[in-house]
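Here are my comments on the model you sent.

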Amino acid sequence: MNIMPLPALSDNYIWIIEKNNRIVVVDPSEADLLLQIIKSKGYILEAVLLTHKHQDHIGGVRKLIAAHPAPVYGPKETGVATEIVKGGEALSLLGEEVKVMATPGHTAGHVAYQMKEHLFIGDTLFLSSCGRVFSGDYDAMFHTLEELKKLDEDTKIYPAHEYSLSNLEQTVKAYPSKAVKEELARVRKLREAGKTTLPTTIKKEKAVNPFLNFDDVKSFKAYRELRDHT
């Protein structure tokens, strides 16, 4: 099984999961480059996975599916999913089990998809940050992050945006730990070379992500609001 990031828009990643020339696509924000890759590689589209409703995650769905009909799994809020998931479901794709996890907070219906040790997290968790709480439900987001902390530390996390450098530059101002400084240096070097910084892991995030280290919702909300305005 191969997992490939396809850069899209200004800072998005469309994650392509490939096995035996069949693919599953996560959060196709746009379709044109994806269609070119499918044509050039001869891929067969097995399914589309959507994490939430924002346009920079679903914008390419209709054009992609028009050319390559396939089921679209996602929360009802997306408006384009043909197979509605809420969390708790187990899908079978590419011959693998895909567990759907409810991850509300960024939006009310946000979900993530876990395939073996790989977790496609949308906008819930980023390297050294988390998604903005557009739902307004800070309790839900805090609870979601607490649940993520329970996952195996080797779980690989695939966010939908390349925000790592700016996130770490913010984190190091408030929490200048050795781990944060070392990760910032690693990420800066990768970005200067035009390379992706992802995936990250639960273990790494526990070391460099302040949002996984708050003991209560009040502290989490205060820091989230601070980051929202800096």
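**Notes on the predicted model**

1. Start with Asn-167. Asn-167 is buried, at a relative accessible area of 9%; the cut-off for buried is under 20%. The model is a predicted one. Asn-167 sits in helix α5. Neighbours within four places in sequence aside, Asn-167 contacts Phe-126, Leu-127, Ser-128, Ser-129 and Arg-227.

2. Arg-227 is a buried residue of α8, as are Phe-220, Tyr-223, Arg-224 and Asp-228. Viewed down the α8 axis, the buried residues fall within an arc of 145 degrees, so they line one face of the helix. What do the buried residues of α8 pack against? Their partners are β12 (129–130), α4 (138–149) and α5 (164–174).

3. The length of α8 checks out. The helix covers residues 217–228, which is 12 residues. At 1.5 Å a residue, it should span 16 Å, and its end C-alpha atoms are 16 Å apart, which agrees. The N-terminal end of α8 is capped by Asp-216. A side-chain oxygen of Asp-216 lies 3.2 Å from the backbone nitrogen of Lys-218.

4. Now the sheets. Strands of a sheet pair through backbone hydrogen bonds, in either the parallel or the antiparallel sense.

5. Arg-22 stands opposite Ile-44 in β4.

6. Another open sheet of six strands runs in the order β7-β8-β9-β10-β13-β14. Its pairing is mixed. Here β7 (90–93) and β14 (200–201) stand at the edges. Each has a single partner strand, so one side of each lacks a neighbour in the sheet.

7. Look closely at β9. Is β9 enclosed by the rest of the structure, or open? Five of its five residues are buried, so β9 is largely enclosed by the rest of the structure. Val-111, Tyr-113 and Met-115 point one way from the strand. Ala-112 and Gln-114 point the other way, and all of these residues are buried.

8. Which strands does β9 (residues 111–115) pair with in the antiparallel sense? One is β8 (residues 96–102), joined to β9 by five bridges. In that pair, Met-101 stands opposite Ala-112 in β9. Another is β10 (residues 118–122), joined by three bridges. There, Met-115 stands opposite His-118 in β10.

9. Finally, the turn. β9 and β10 form a hairpin, with two residues between the strands. Lys-116 in this turn has a positive phi of about 55 degrees.

Notes. Residues are numbered from 1 along each chain as its sequence is written. This is a predicted model: local features need pLDDT of at least 70, side-chain atom pairs count only at pLDDT 80 or more; totals for chains, interfaces and linings use all residues. Side-chain values use heavy atoms; hydrogens and water are left out. Helices (H or I, at least four residues) and strands (E, at least two) are DSSP runs, numbered from the N terminus. The expected span of a helix is 1.5 Å times one less than its number of residues. Buried means under 20% relative accessible area, exposed over 50%, partly exposed in between (1.4 Å probe, protein chains only). The arc is that of the directions from the helix axis to the C-beta atoms. Contact means heavy atoms within 4.5 Å. A polar contact is a pair of N or O atoms within 3.5 Å; within protein, one must be able to donate a hydrogen and the other to accept it, and residues adjacent in sequence count only if both atoms are side-chain atoms. Two strands pair if DSSP finds at least two bridges between them.
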